[in-house]
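Load the model in your viewer and keep the sequence panel open. The stops below can be selected in the order given.

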Amino acid sequence: MSKNKEIAEIFERMADILEFLGDNPYRISTYRRVANILSELNVDVEDLVKSGKIHHIPGIGASSVEKILEYLRTGKISKYEELKGKVPEDLLELMNVPSIGPKTLKLAYERLGIRTKDDFIRAVRSGMLATLPGFGEKKLQNIMRGIELWEKSKERMTLIEAFEIGQEYLSYMKRLGDIIERIELAGSLRRRKETVGDIDMLVSAMHENWSKIHEHFVSFPDVKDVLLKGETKSSVVLKNARQVDLRTVEPHQWGAALQYFTGSKEHNIRVRDIAKMKGLKVSEYGVFRADTDQWIGGKSEEEVYALIGMQTPPPEIRENAGEIELALEGKLPKLLSLEDVKGDFHIHTNWSDGIGSLEQMVETAYHMGHRYVVIGDHSLSSKVAKGLDMERYKQQWKEIDRLRKRYEPLGFYILKGCEVDILPDGSLDLPDEFLAEFDFVVASIHTRFSQDNTYRILKAIENPYVNLIGHPTGKSYGTREGYPLDMDRVIQLAKETGTALELNTFRADLSPENVRKCMQKGVFIAIVTDAHAPAHLRYIELGVGLARRGWAMPELVLNTKDVEGIREFVYKKRKLLAAT
Ligand code: DGT
Ligand code: CA
Ligand code: CA
Ligand code: ZN
C-alpha cells in the first residue's frame, strides 16, 4: 500500500472518531477533505516532502502537513493514537462498515451502552436498535447486510486493489535483474476476476538463483508476516492483511506452471481429464506421456494447449464455462482486446467531484493512447458530488472548446458529456433541450439503492438523448450488492432504442453474465473507468479484462468505435426516437 493511502485512511478514521465523539464539524470535514485529497493524489507524498511541495497542496493546512510528516518519520500519528484510546476497539472496527456511520455508533453507545461488535449485532437482531430515533426496519436491514458484506469483503480484495499491489510487487521483484527469466501474476488476478482472494506470483529462473529470489520476495517493505519461506514456494501477509504467494520454476517449465497457476481450478481439472484421455499427463512441471512419463513440452502455455490439441483460451474465460469445448474445436471467438479500445466514456474532473483538472484528465487520456474521451461530470442533484447546473456546464464547454484547439490537430477529441442523474421518478436532472447540446450523455442512478429501480432505468433509456446507462445494476464491490433490477427488460429496451450499458471498472458493475447477455442480444456495452483522478484512467485495462470475462466481442463494445462512429451512434438514437 502506498503511503498516500495509509495516511488517507488514518485521516478518514480520525474524522470518524471525532464524529463519534461529537467534535467540531469543521475539524471533521477538514480531516475528510485531507483524506480525499491524499487518496487521489497522483504523486507520492514522500516525493512531495522531498521537493518541499507538501506545504503547498491546496486544501491541506499546516497542522495536517505536520501530521503527515510525523507519519513519514515515525510510522504513527500521535493525534490518531490519542483519539483511538477514546473509542472502544470493536466500535472502531465497525466504523469500517459503510452502512454504519459514526453517528449510529454514537447513539448505540450513549443510549444503549453498546461497546462490542457482538452487542451491536445483537441489538440489531433483537430490535433494540429499532427503539432509537430514526432506525426503521429498512435501515436495520441495511446495517445487517452491510456487516455481512463487510465480513465477506475482508476475505477478498477488489480487482483494483490486487492489481495495484501486484504491480508494485512486480516492479520490486524486477530489481533483481537478469536472474529472473520470466515473471507474471497468475491466479484470479490474471483471470481478472472481480475479487481476488490472494495474489499468485510466478517466476522462472535457474535453480541456483531460487533462494536469492525467495529471500528478496519476503523482504518486500510492506510484508508483515512471512507464512512460509522455501526454495520453491513462499507466502507472505502484507501490512494490509493481503496474502501474496510466490512459486519458482525452471525456465523450461514456465508455460506449464503459468497454465496451472492461472486456473481456474475448474478449468484445470477439465483440461487434465482431456489430456488423460489422449494418453497425456499435465502438471505444473510440463506435459508428459502417461505411459513412459517422458516430458514432451511445457515451455509456453500455447505449447501446453497445443499438445493437448486445443487453442489457448484467454485467461479471463478459463472458468470451464464452454471455453474448453470451443478450444477443442478450434472455434474460440475473437474477444475484445486492450488495443481495440479508443476511448473512455465516463470520467470526472474537478468541475464536479474529480480531483484532476479538465486539462490533466485530457492530457493523461491522450498520452495513454486514447483517441477521445467523454467528459462526464455530475449534474446538479448529485449535491455531494458538487453537481453542475446548466450555467456551469456551459462554462465547462468553453474550456473544452479551448482545449479542443490544442488536441484536435493531434487527432484527439474531447466530447462534451455529462453524467445526468436519474431522479426518483425516472425523469432526468436536465431538460431534453439541454441534453441535446451534449455530444454524449450518460445517465445514472445515485439515490434509493434499496428499491427496485427497473422503472427508472427503462424511463431513462426511452430518452432520445441518453446514450449510456451508468453503472446500471447499482452494484459496488464489497459495499453494495445492487438494487433489484429486471435486467432482461433493460437489455431488451436498450436493444430497441440503441442505448448502451456501462461496464464500470470502479464498481465492477455489469457482471460477466450480464455482459454475455448483452452480447447474445446484440446490445452495446461501454467500458468506463469512472475516473476521478488522472491515475484512474489506466484501470481501463482492468475494465477490458472484466468485459472479456463476459466474452465481450469488439463489434459490440462502444470503445472500439472511432469518434465518427460514436457520433453516428448518438445520431441514430436521436433520429429513431424523434421519429416515433
Ligand atoms: P482466489 O485466490 O481465491 O481469488 O482464486 P485463485 O484462482 O487465484 O486460486 P488460488 O490462489 O487458490 O490458486 C491459484 C491457482 O492454482 C488456481 O487458479 C488453480 C491452481 N490450483 C490451486 N489449487 C488447485 C487444485 O486443487 N487443483 C488444480 N487443478 N489447480 C489448483
Ligand atoms: Ca489467488
Ligand atoms: Ca494462492
Ligand atoms: Zn461517475
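Buried here means under 20% relative accessible area, exposed over 50%, and partly exposed in between, with a 1.4 Å probe and protein chains only. This is a predicted model, in which local features need pLDDT of at least 70 and side-chain atom pairs count only at pLDDT 80 or more, while totals for chains, interfaces and linings use all residues. Residues are numbered from 1 along each chain as its sequence is written, chains are lettered from A and ligands numbered from 1 in the order in which they are written, and side-chain values use heavy atoms, with hydrogens and water left out.

**Stop 1: A508 and N504**

Select A508, which is in the loop between β16 and α22 (512-521); helices (H or I, at least four residues) and strands (E, at least two) are DSSP runs, numbered from the N terminus. A508 counts as buried because its relative accessibility is 2%. Its phi is positive, about 55°, although A508 is not a glycine. Most residues other than glycine have a negative phi, and most peptide bonds are trans.

Step back to N504, in strand β16 (residues 500-504). With 0% relative accessibility, N504 is buried too. What does its side chain meet? A polar atom of the N504 side chain lies 3.1 Å from the backbone nitrogen of R507, and a polar contact of 3.1 Å joins the side chains of N504 and D530. A polar contact is a pair of N or O atoms within 3.5 Å; within protein, one must be able to donate a hydrogen and the other to accept it, and residues adjacent in sequence count only if both atoms are side-chain atoms.

**Stop 2: helix α21**

Now show residues 487-497, helix α21, where M487, V490, I491, L493, A494 and T497 are buried. An α-helix has 3.6 residues a turn, so residues three or four places apart point the same way. Just after α21, G498 has a positive phi of about 75°.

**Stop 3: the largest nonpolar core**

Select Y169, M173, F345, L501 and I525: of the 109 residues in the largest nonpolar core, these touch the most other members. Such a core is a set of buried Ala, Val, Leu, Ile, Met, Phe, Trp, Tyr and Cys residues joined through side-chain atoms within 4.5 Å. Helix α10 (residues 159-173) gives the most to this core, 9 residues. The core lies between domain 2 (157-249) and domain 4 (338-578), because both give residues to it; domain bounds come from an automatic or database domain assignment.

**Stop 4: ligand 1**

Centre on ligand 1. Oxygen atoms of ligand 1 lie 2.7 Å from a polar side-chain atom of R156, 2.8 Å from a backbone N or O atom of G197 and 2.9 Å from a polar side-chain atom of D198. The protein covers 71% of the 600 Å² of accessible area that ligand 1 has on its own (Shrake-Rupley method, 1.4 Å probe; for residues, only the protein chains shown count as cover).

**Stop 5: two backbone details**

Finish at S264, in the loop between α13 and α14. A cis peptide bond joins G263 and S264, with omega about -5°. Then select R448, in the loop between β14 (440-444) and α20 (454-462); R448 has a positive phi of about 55° although it is not a glycine.
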